[in-house]
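I opened this notebook page to record what I looked up in the structure. The entries follow in the order in which I made them.

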Amino acid sequence: MTPLSNNCNEQAALVVEIRDWGRLLGFQQIAIALPETGAAAGRLHQWLDLGYHGSMNYMARHAGLRACPADLVPGVKSIITARMDYLPEPQSAAWATLEDPRRGYIARYALGRDYHKVLRRRLKQLAQRLEARAGPLGYRVFSDSAPVMEKSLA
């Protein structure tokens, strides 16, 4: 992985660019985090010890990777997360449909392509744009496909 500039002004400008690119790709929010999970890793293990994960056994099975992103992607420097709303209209419209026994309601995320594929494609486009701007970085794109726990710092 090639390190980005250590100049704070250049880094801040790059963060703005990344967020702008994300909006152009349809993301409502972009956050950038360091891979150190700090106290959040301890809270994760406590949460698991209390059994709050219920039947989601994968949470406990992959807790170590969640707590240490560098074990998942060696050499990781930053984690970029993106949020994309799949229910942009007011919730009142959905409730009005649900209250009418003559009508059915289909969850918005089920209406189009598998959202995992949509997000993965757009995340890859974002990563490629970042590489074009900053040079070869090395990256992995995840869309609910890896145990990533991030704490946003930017």
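I began with Asp100, which is buried at a relative accessible area of 15%; buried means under 20%, exposed over 50% and partly exposed in between, with a 1.4 Å probe and protein chains only. The model is predicted: local features need pLDDT of at least 70, side-chain atom pairs count only at pLDDT 80 or more, and totals for chains, interfaces and linings use all residues. Residues are numbered from 1 along each chain as its sequence is written, and side-chain values use heavy atoms, with hydrogens and water left out.

**Salt bridges**

I next looked up the partner of Asp100: its side chain meets that of Arg102 in a salt bridge at 3.1 Å, N to O. The term requires a side-chain nitrogen of Lys or Arg within 4 Å of a carboxyl oxygen of Asp or Glu. Arg102 is exposed, at 73% relative accessibility.

I noted that the structure holds four salt bridges. One of them joins Glu17 and Arg133, with the closest N and O atoms 2.9 Å apart. Glu17 lies in helix H1 and Arg133 in helix H7, so this pair ties together parts that are 116 residues apart in sequence. Helices (H or I, at least four residues) and strands (E, at least two) are DSSP runs, numbered from the N terminus. Glu17 is partly exposed at 24%, and Arg133 is partly exposed at 41%.

I also recorded a salt bridge between the side chains of Arg83 and Asp85, at 2.4 Å, N to O.

**Nonpolar cores**

Which residues touch the most other members of the largest nonpolar core? I found Leu14, Ile18, Trp21, Phe27, Ile30, Leu126 and Leu130, out of 13 residues in that core. Helix H1 (8–24), strand E1 (29–33) and H7 each supply at least two of its residues. Apart from it lies another core of eight residues, including Leu44, Leu48, Ala67 and Met149. A nonpolar core is a set of buried Ala, Val, Leu, Ile, Met, Phe, Trp, Tyr and Cys residues joined through side-chain atoms within 4.5 Å.

**Single residues**

Is Asp144 buried or exposed? I found Asp144 exposed, at 62% relative accessibility. Asp144 is placed in the segment after H7 and has a positive phi of about 60°, although it is not a glycine.
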